[in-house]
Amino acid sequence: MNIRQALLSDLPYIYDICRLTGKNGKDSSDLIRDNYIIGQYFAAPYLHFEIDTCFVLDNGSIPLGYILGTSSTMLFNEWMNTSWLPSVRKHYNSDLIATTDFDKFLIDIINQDCEIPGDLIDYPAHLHIDLLPAVQNRGYGKQMMKKFIAAITDKGSKGVHLSVALKNVGAIEFYKKNDFFEIRKDSGALFFGLKTAD
Ligand SMILES: CC(C)(COP(=O)(O)OP(=O)(O)OC[C@H]1O[C@@H](n2cnc3c(N)ncnc32)[C@H](O)[C@@H]1OP(=O)(O)O)[C@@H](O)C(=O)NCCC(=O)NCCS
């Protein structure tokens, strides 16, 4: 097993991993209209925007997990709003009839512009980490987190934030073990932060 820089040719596997871990860490396939909607928002854009802050766990053939993110949420959001989301909205426009609540959530966020809430501004980077069940709880997540933090620190980012569903108790424990602290909780999610420099 090897943790390496992501490549654009990893994208099909990354879409799969995103879907198979997409609902509070579990398979979201039954809750979404097609295999791609979730990765179109939460995975693929990071490789197109800033591939040097994207890493995969490779079994010698294909990726079984990833950590994807950006060193600057502000610049990423600007690019999402002007370049990525307008084209994704052609597939998932706001008039679509949602198939489930989760499908509606995805259509809604795709049709909204991205914004960084004020209390997260001191944590300019953000990330998503997902590993398939076969490679969970074997220390790879921790190693991938270290690699990501080193990459964003090298690029001058002073901190990182992320959000996690309150129902995803395993991931919440994982982030605490990786020194993230709670910034804020809302009805369904918890926001964590970590400073990487003063
Ligand atoms: C959450 C996830 C990224 C953690 O990665 P991982 O490789 O399984 O975790 P690691 O083996 O590196 O564990 C690191 C530490 O976190 C703890 N941890 C990891 N998963 C845990 C869980 N489900 N419950 C409690 N603690 C957990 C480990 O015990 C370990 O603690 P230690 O440092 O004291 O030994 C991975 O399990 C995963 O992808 N889950 C499904 C998708 C998901 O939920 N992603 C997050 C969405 S916000």
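Which residues does L127 touch, not counting residues up to four places away in sequence? L127 touches I67, L68, G69, F148, V160 and L162, where contact requires C-beta atoms, placed from the backbone, to lie within 7 Å.

Colleagues, this is a predicted model, in which local features need pLDDT of at least 70 and side-chain atom pairs count only at pLDDT 80 or more, while totals for chains, interfaces and linings use all residues. Residues are numbered from 1 along each chain as its sequence is written.

I turn to the overall fold. The chain has seven helices and seven strands; these are DSSP runs numbered from the N terminus (helices H or I, at least four residues; strands E, at least two). Their order along the sequence is β-α-α-α-β-β-α-α-β-α-β-α-β-β. The radius of gyration is 16 Å, close to the 16 Å of the globule rule for 198 residues, so the chain is as compact as a globular protein of that length. That radius is taken over C-alpha atoms, and the rule is 2.2 Å times the number of residues to the power 0.38.

Next, the interior. Of the 198 residues, 35% count as buried, that is, with 20 or more other C-beta atoms within 10 Å of their own.

Finally, helix α1, residues 11-20, has I14, I17, C18 and R19 buried. Their cover includes α2 (37-42), α3 (44-49), β3 (63-70) and β4 (125-131).

How values were computed:
Buried ≥ 20, exposed ≤ 12 C-beta atoms within 10 Å, placed from the backbone. Contact = placed C-beta atoms within 7 Å.
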